[in-house]
Structures are given as C-alpha cells and as structure tokens.
Amino acid sequence: MTVYTAEVLRKQGANTPVEAVISKYGLTEPRNDGDEFYFAAKIHLGDAVYAKALQMKEGEVSEPLQADDGIHIVKVIKDKVPVPLSYEHARLQVLTDLKNAQQERLMTATMRFLRERSKILVATDYSDYKP
C-alpha cells in the first residue's frame, strides 16, 4: 500500500467521497459507517487509532498512524453517538438469532445423519473401475 501524506489526503479527501479516495489511492481498508458502540470501535481500531479518532472532528483526515497491524489513515465521516436498542427491539433480534442458530444446528445434524447413512452406488457403465 502506498502511503500518502496527510496534506495530500486533506486536499484530495476532505470533501471527496470516501469511495473516490479509496479507489484513487488503491486503499483496501474497509470503512465503518454503521452504528457501532465506542467500545466495539476501540476493539476494531486498536487503542492508538481509536484515541486519535476520538480527538477528530467530522470531515477531518488524520496523519498516517503507525499501529501493530500497519499504517492507518482515519477520516471521520460522521460522529453519531450510538443509541442502545429498546428492550423490545433487542428481544426480537435475540429471538431471531436464537431461531437461526437452532435451524443451523438442525440442518448440520441432518446432513451428518444423511452422510452416515448414505450408500453411494455408481452404475457400472459410469465407473472407472474395471474388474
């Protein structure tokens, strides 16, 4: 990955859509523009990058930050404080996830059962084995 100076990124990227900057400079780092609690963002970004991101304002582009996993350049698109889900909404999500997990376990067990019981027969005219 080519690292560009923050000045170039500020000129090119401050008012440019993130997709355009990523494609122009060949960057591959995914962006996070979803609703994410700060503790989760800290886990994903790492301590140093997260600390820098907290200090930045909307539209700002950081200097290249050296971290254990490489060099990061952060652009704050929008700092939206996450709002916890209501109990009812969270309950529905948990219930849906539980049903999906149960369905996946059932499908896996069914496929295992069918594989153990299966007997594959190949017609002799299709077989490569010649006695």
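## Salt bridge

The structure holds one salt bridge, defined as a side-chain nitrogen of Lys or Arg within 4 Å of a carboxyl oxygen of Asp or Glu. The model is predicted: local features need pLDDT of at least 70 and side-chain atom pairs count only at pLDDT 80 or more, while totals for chains, interfaces and linings use all residues. Residues are numbered from 1 along each chain as its sequence is written, and side-chain values use heavy atoms, with hydrogens and water left out.

The partners are glutamate 88 and arginine 91, whose side chains meet at 3.5 Å, N to O. Both lie in helix α5, three residues apart, about one turn of the helix. Glutamate 88 is partly exposed, at 43% relative accessible area, and arginine 91 is partly exposed at 41%. Here buried means under 20%, exposed over 50% and partly exposed in between (1.4 Å probe, protein chains only).

## Nonpolar core

Seven residues make up the largest nonpolar core: Val49, Ala53, Met56, Leu65, Ala67, Val74 and Val76. Such a core is a set of buried Ala, Val, Leu, Ile, Met, Phe, Trp, Tyr and Cys residues joined through side-chain atoms within 4.5 Å. Two or more residues come from each of α4 (47-55) and β1 (65-67); helices (H or I, at least four residues) and strands (E, at least two) are DSSP runs, numbered from the N terminus.

Leaving aside residues up to four places away in sequence, valine 49 touches Leu65, Ala67, His72 and Val74, with contact meaning heavy atoms within 4.5 Å.

## Helix α5 and leucine 114

Leucine 114 also belongs to helix α5, residues 87-117. Leucine 114 is partly exposed, with a relative accessible area of 45%.
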